[in-house]
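Work through the following exercises with the sequence and the model at hand. Each task is followed by its solution.

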Amino acid sequence: MKLNLSATDTRMRLFIYKIHIWLGLIVAIPVLAWASSGLLYAWPNAVEGGKIESVDATRVRVLPSEALAKASEFAGRKLPITALTLLMRDGRPVYQAIGGMGADSLLIDAETGTAIKTPPPGVLTRYFRQAHFYFFAGSWQVPLLIAFAALAGLSAISGLYLNLKLRFGRLSRRS
């Protein structure tokens, strides 16, 4: 009878061990991507927009209303701009016009009035945004984070169970 319980106990421990390993892998990969992308902020200028510069107001020659007109002129139609932000980019004051161009935004040089499409983000910026669920998860951000937290909790509990079983199993065999 004791041999039967030991075999069942061994199978149960093996089953929990496999669940623990798989849960660890499922949770670890997204968490590592998330953490490693957060480390990009430690590298200067690795993520576009990660550096905040004060706007040099003395260099601004184009009024916001003129910048909106330049954006519409560049697009060839009146754009429904939802945000116009004055910022420094590559050492120059620019207006960033968002809205009306789909996913694209426009940059209007605040000194000359020249308008261009905002260049696509670099590889590190795209990685940062995707790993932080900006563009990856959409409306699933919160449910995914809750699910990963629950899976991480299950992995931790199964690891604790295995550790306690191993530790107390060895102690009971010694006595």
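**Exercise 1.** Determine which residues of S3 point one way and which the other, and whether they are buried or exposed.

Step 1. From S3, Ser105, Leu107 and Asp109 point one way, while Leu106 and Ile108 point the other way. Strands here are DSSP runs of E with at least two residues, helices are runs of H or I with at least four, and both are numbered from the N terminus.

Step 2. All of these residues are buried, where buried means under 20% relative accessible area, exposed over 50% and partly exposed in between (1.4 Å probe, protein chains only).

Step 3. Strand S3 covers residues 105-109, and because 5 of its 5 residues are buried, the strand is largely enclosed by the rest of the structure.

The model is predicted: local features need pLDDT of at least 70, side-chain atom pairs count only at pLDDT 80 or more, and totals for chains, interfaces and linings use all residues. Residues are numbered from 1 along each chain as its sequence is written, and side-chain values use heavy atoms, leaving out hydrogens and water.

**Exercise 2.** Identify the strands that pair with S3.

Step 1. Strand S2 (residues 92-98) pairs with S3 in the antiparallel sense over 5 bridges; pairing requires that DSSP finds at least two bridges between two strands. Here Gln96 stands opposite Leu107.

Step 2. Strand S4 (residues 115-117) also pairs with S3 in the antiparallel sense, over 3 bridges. In this pair, Leu106 is opposite Lys117.

Step 3. S3 and S4 form a hairpin with 5 residues between them. Gly113, in the turn, has a positive phi of about 85°.
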